[in-house]
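Please walk me through this protein model. I would like to see how its parts hold together, step by step.

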Amino acid sequence: MTSVPITTAAPAAFPPRLQAIGTTHAPFRPMLSLNELPEGSMRRVTVGELDVLLVNTAKGVFATDDRCPHMSAPLSIGDLDGCIVSCPLHEGRFDLVSGDTAQMPSTGGMDADGVYHPTWSPAGKDPKIDPPGRKAEARRLTRVRRLRYYPVRIAGGTIEVALPV
Ligand code: FES
């Protein structure tokens, strides 16, 4: 008889001030079996028009928007390194524990505190040319916000998330 590995995990702690609006009294909804989200993996689950990113880390299970806080690319097809998730576009990296940006996107812009960061290029690539114009202005004015979190609970091996929908 083959034994099925039992996956255990708990909800991860996140900064309370970064809890998504409308979730304080929202009902928990079943999203995914814990066995479908082994530690070190992430998945998108869509409910209505809301795309939620579920991530199982050594610090527990996080639920946040499956939208990069820069320009909304799906983080679920990026990379996960511990508790840092990397966006598939523009090299942005985000810390799931703090909600902060660990690496600004290569397009630069404003961080969550409104501080401007210039464009940059990964090592070995030519410097990014940023000619003046409306596109450059849009990049300069784009603010990279902090992640927002949906409360998680694990009930009977199922990941449940409080959603405002
Ligand atoms: S959309 Fe994610 S870093 Fe730009």
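The side chains of Asp 113 and Arg 146 form a salt bridge, 3.2 Å from N to O. A salt bridge here is a side-chain nitrogen of Lys or Arg within 4 Å of a carboxyl oxygen of Asp or Glu. This pair links distant parts of the chain, 33 residues apart. Asp 113 sits in the loop between strand E9 (109–110) and strand E10 (116–117). Arg 146 sits in the loop between helix H1 (134–141) and E11. Helices (H or I, at least four residues) and strands (E, at least two) are DSSP runs, numbered from the N terminus. Asp 113 is exposed, because its relative accessible area is 57%. The cut-offs are these: buried means under 20% relative accessible area, exposed over 50%, and partly exposed in between (1.4 Å probe, protein chains only).

The model is predicted: local features need pLDDT of at least 70, side-chain atom pairs count only at pLDDT 80 or more, and totals for chains, interfaces and linings use all residues. Residues are numbered from 1 along each chain as its sequence is written, and side-chain values use heavy atoms, with hydrogens and water left out.

How many salt bridges are there by this rule? The count is six. Among them is the bridge between Glu 160 and Arg 153, with the closest N and O atoms 2.6 Å apart. Glu 160 counts as buried, at 12% relative accessibility. Arg 153 is partly exposed, at 39%. Shared partners also join Arg 44, Asp 51 and Asp 66 into one network of salt bridges. Within it, Arg 44 meets Asp 51, their closest N and O atoms 3.6 Å apart.

Now turn to the strands. Three of them make an open sheet in the order E1-E12-E11, with antiparallel pairing. E1 and strand E11 (152–155) are the edge strands, since each pairs on one side only. From one strand to the next, the twist averages 35 degrees. The axes behind such angles are lines fitted to C-alpha atoms, for helices over the stretch in contact, and angles run from 0 to 180 degrees between N-to-C directions. Two strands pair if DSSP finds at least two bridges between them. E11 and strand E12 (residues 158–162) have four, in the antiparallel sense. Val 152 stands opposite Val 161 in E12.

Finally, look at the cysteines. Cys 68 is buried, at 5% relative accessible area. Cys 87 is buried too, at 9%. The structure holds zero disulfides, a disulfide being a pair of cysteine sulfur atoms within 2.5 Å.
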